[in-house]
Amino acid sequence: KLNTRSPKDVVMDAFDDESIVNRVLSDVKSHLRGRKDLQDEQGPVSQLMTAFVTSCTPLLKCEDAAAAIALLLRSQRMRDDLRRVHTFGAGGVPASISLRRWEPAVAASPEGELRGFVHGKTLTALSQY
């Protein structure tokens, strides 16, 4: 991902493939059946969204550097962010690429992903992503 955003929009490209759509729908149904613990904490819309995100996240997994670069290049979000860097200059909008090892436990629980906000090298806020 870039330091600004991740290429999550690329997942929508996968829905041109009917077999992927069917797999995601099957995963959503399975997730909703398997996560009875969430049903008390979340409303039905939130449960469905969590199931959908959890089912789509594996579509972002890359096995090698070439696949990771291809993923970044297919993303409109990445192109928009890089265009801003180009427009405002690297000093105005610094850009970097961040890579992390695929962690199945993180992918299986998107509700546990947090975003931290730093100001003056100090963590000032933390929110659920």
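**A quick tour of the chain**

Ten residues make up the largest nonpolar core here: V10, V11, A14, I20, V24, V28, A51, C56, L60 and L71. A nonpolar core is a set of buried Ala, Val, Leu, Ile, Met, Phe, Trp, Tyr and Cys residues joined through side-chain atoms within 4.5 Å, and buried means under 20% relative accessible area, with exposed over 50% and partly exposed in between (1.4 Å probe, protein chains only). Helix α1 gives the most to this core, with three residues, and both α1 and α3 supply at least two residues each.

This is a predicted model, in which local features need pLDDT of at least 70 and side-chain atom pairs count only at pLDDT 80 or more, while totals for chains, interfaces and linings use all residues. Residues are numbered from 1 along each chain as its sequence is written, and side-chain values use heavy atoms, with hydrogens and water left out.

**The chain as a whole**

- You'll find six helices and two strands in the chain; helices (H or I, at least four residues) and strands (E, at least two) are DSSP runs, numbered from the N terminus.
- Going along the sequence, the pattern reads α-α-α-α-α-α-β-β.
- The C-alpha trace spans about 50 × 40 × 25 Å along its principal axes.
- Out of 129 residues, 22% count as buried.
- Take the contacts (heavy atoms within 4.5 Å) between residues at least 6 apart in sequence: 58% of them join residues at least 24 apart.

**Where α1 meets α3**

- Helix α1 covers residues 18-34 and helix α3 covers residues 44-56; they pack at an angle of about 130°, with their axes 8 Å apart.
- Here, axes are lines fitted to C-alpha atoms, for helices over the stretch in contact, and angles run from 0 to 180 degrees between N-to-C directions.
- The two helices, α1 and α3, are therefore oblique to each other: under 35 degrees counts as roughly parallel, over 145 as roughly antiparallel, 65 to 115 as roughly perpendicular, and the rest as oblique.
- From α1, the residues V24, D27, V28, H31 and L32 meet Q47, L48, T50, A51, F52, T54, S55 and C56 of α3.
- Sorted by type, the residues of this contact are seven nonpolar, five polar and one charged; Ala, Val, Leu, Ile, Met, Phe, Trp, Tyr, Cys and Pro count as nonpolar, Asp, Glu, Lys and Arg as charged, and the others, Gly among them, as polar.
- V28 touches L48, A51, F52 and S55, leaving aside its neighbours within four places in sequence.
- T54 sits in helix α3 and counts as buried, at 13% relative accessibility.
- Leaving aside neighbours within four places in sequence, T54 is in contact with H31, A107, A108 and P110.

- A125 belongs to strand β2, residues 122-128, and is partly exposed at 34% relative accessibility.
- Beyond its neighbours within four places in sequence, A125 is in contact with R115, G116 and F117.
- R115 and A125 are ten residues apart along the chain, and their C-alpha atoms are separated by 8.4 Å.
- K121 is in the loop between β1 (114-119) and β2, and K121 is exposed, with a relative accessible area of 83%.
- Most residues other than glycine have a negative phi. K121 isn't a glycine, yet its phi is positive, about 65°.
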